[in-house]
Number of protein chains: 2
Amino acid sequence: MWAPFVKHSSIEQIMNDKGLAKVGDNLVNLCYSLAKTLVLGYTTGEKVRDSVLARAIRGTSVYQHMNRRSDIGKAADAYEAIVAYLWMTDKITISAMADSLAGLLEIDSKTSREKEGMLAAISFQRFLEQNIAHLPQ
Amino acid sequence: MWAPFVKHSSIEQIMNDKGLAKVGDNLVNLCYSLAKTLVLGYTTGEKVRDSVLARAIRGTSVYQHMNRRSDIGKAADAYEAIVAYLWMTDKITISAMADSLAGLLEIDSKTSREKEGMLAAISFQRFLEQNIAHLPQ
């Protein structure tokens, strides 16, 4: 159903697609909210900060496809666009992404915002690493 | 996978669940972004305003379960919580919700924000009407 919108032939095309980043922004927030729901044991929600996604993508080999001078906003957009690409091409499901993120998210209701951000960045980094093979080479 | 988080036995319980509303906020934004993507023919994203969801829920029979003095924020939260309930209990899928919303969303890239909001409210209202039977009675 969504494949017609993602005819990208390179990682660079995906990472620079602002429309994909907009869809991905919603996907990232939903999956992170569901991951927190799994970890904390009650439904909750969260907007993921750009700094978290920027840290996550900078830790992966995908980052070599970006201009080194990219700011935090552009790095986060690139992460979000990749997530949208993966979901729209049926490479990932929302529940599986939430489950993957939850795996490394060792937080509880008392965890500081800073510590949670650090753990979230590691979770998002590992998730991307596990899915790099699904991106066009 | 998500059913353990939605053990609600009444519509009122669902509509007043703030955690469900947080998950639903992300679901609503994602589905609306995907609906716009379908209608406009390119990937795009949008945050749905509370006023749109409040108008949508006020047009349905579900609204009788709310306090009449509820403000726009509470009405929107109730709509979002219902969407989260429907998705987490496997009554709806994200793609089907996007497709349903797109059906009445007669917009193009020149449609005013006001007109789009009016059409979006009608789309969200009809979507809820079609799914009322899935809610606990």
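Predicted model: local features only at pLDDT ≥ 70, side-chain atom pairs only at ≥ 80, totals over all residues.
Chain A has 6 helices and 0 strands. Read from the N terminus, its elements follow the order α-α-α-α-α-α. The radius of gyration of chain A is 14 Å, close to the 14 Å that the globule rule gives for 137 residues, so chain A is as compact as a globular protein of that length. Along the principal axes, the C-alpha atoms of chain A fill a box of roughly 45 × 35 × 25 Å. Of the 137 residues in chain A, 45% are buried. Contacts in chain A between residues at least 6 apart in sequence can be sorted by separation, and 69% of them join residues at least 24 apart.

The next topic is how the two chains are related. Chain B is superposed on chain A by a rotation of 180° with 0.0 Å of shift along the axis, and the RMSD is 0.0 Å. The two copies are therefore related as by a two-fold rotation axis. In chain B, Asn26(B) has the C-alpha nearest this axis, at 3.1 Å from it.

The contact between the chains is made by 20 residues from chain B and 20 residues from chain A. On the side of chain B that touches chain A, the largest share is that of helix H2 (residues 18-40) of chain B, with 12 residues. This side of chain B consists of 9 nonpolar, 9 polar and 2 charged residues. Because 100% of the interface residues of chain B are also interface residues in chain A, the copies meet through the same surface.

At 1.5 Å a residue, the 23 residues of H2(B) should span 33 Å, and the end C-alpha atoms are 32 Å apart, which agrees. Since 19 of the 23 residues of H2(B) are buried, this helix is largely enclosed by the rest of the structure. After H2(B) comes Gly41(B), with a positive phi near 90°.

Now to the core. Nonpolar side chains tend to be buried together in soluble globular proteins. In this model the largest nonpolar core has 90 residues, and Leu53(A) and Leu53(B) are those with the most contacts inside it. Leaving aside residues up to four places away in sequence, Leu53(A) touches Val28(A), Val48(A), Ala75(A), Ala76(A), Tyr79(A), Glu80(A) and Phe124(A).

Asp50(A) belongs to helix H3 (residues 50-58) of chain A. It counts as partly exposed, because it has 18 C-beta neighbours inside 10 Å, and a residue is called buried only if 20 or more other C-beta atoms lie within 10 Å. With residues up to four places away in sequence not counted, Asp50(A) touches Ile72(A), Gly73(A) and Ala76(A). Between Asp50(A) and Ala21(A) there are 12 Å in space, C-alpha to C-alpha, and the two are 29 residues apart in sequence.

The 17 residues of helix H4 (residues 72-88) of chain B should span 24 Å at 1.5 Å a residue, and the end C-alpha atoms are 24 Å apart, which agrees. As 14 of its 17 residues are buried, H4(B) is largely enclosed by the rest of the structure. For helix H6 (residues 113-131) of chain B, 19 residues at 1.5 Å each should span 27 Å, and the end C-alpha atoms are 27 Å apart, again in agreement. The buried residues of H6(B) are Ala120(B), Ala121(B), Ser123(B), Phe124(B), Gln125(B), Phe127(B) and Leu128(B). Their cover includes H2, helix H3 (50-58), H4 and H5 of chain B.

Ser95(B) is in helix H5 (residues 94-103) of chain B. With 13 other C-beta atoms within 10 Å, Ser95(B) is partly exposed. The C-alpha atoms of Ser95(B) and Arg58(B) are separated by 25 Å, and the two residues are 37 apart along the chain.

Most residues other than glycine have a negative phi. Asp90(B), however, has a positive phi near 60°. Asp90(B) lies in the loop between H4 and H5 of chain B and is exposed, with 11 other C-beta atoms within 10 Å. In chain A, Asp90(A) sits in the loop between helix H4 (72-88) and helix H5 (94-103), and its phi is positive, near 60°. Asp90(A) is exposed, with 11 other C-beta atoms within 10 Å.

Definitions and conventions
Residues numbered from 1 in each chain as written. Chains lettered and ligands numbered in written order. Contact = placed C-beta atoms within 7 Å. Helix = DSSP H or I, 4+ residues; strand = E, 2+ residues; numbered from the N terminus. Nonpolar A, V, L, I, M, F, W, Y, C, P; charged D, E, K, R; others polar. Least-squares fit on C-alpha atoms with pLDDT ≥ 70 in both. Expected span 1.5 Å × (residues − 1). Buried ≥ 20, exposed ≤ 12 C-beta atoms within 10 Å, placed from the backbone. Rg over C-alpha atoms; globule rule 2.2 N^0.38 Å. Core = buried A, V, L, I, M, F, W, Y, C linked by C-beta atoms within 7 Å.
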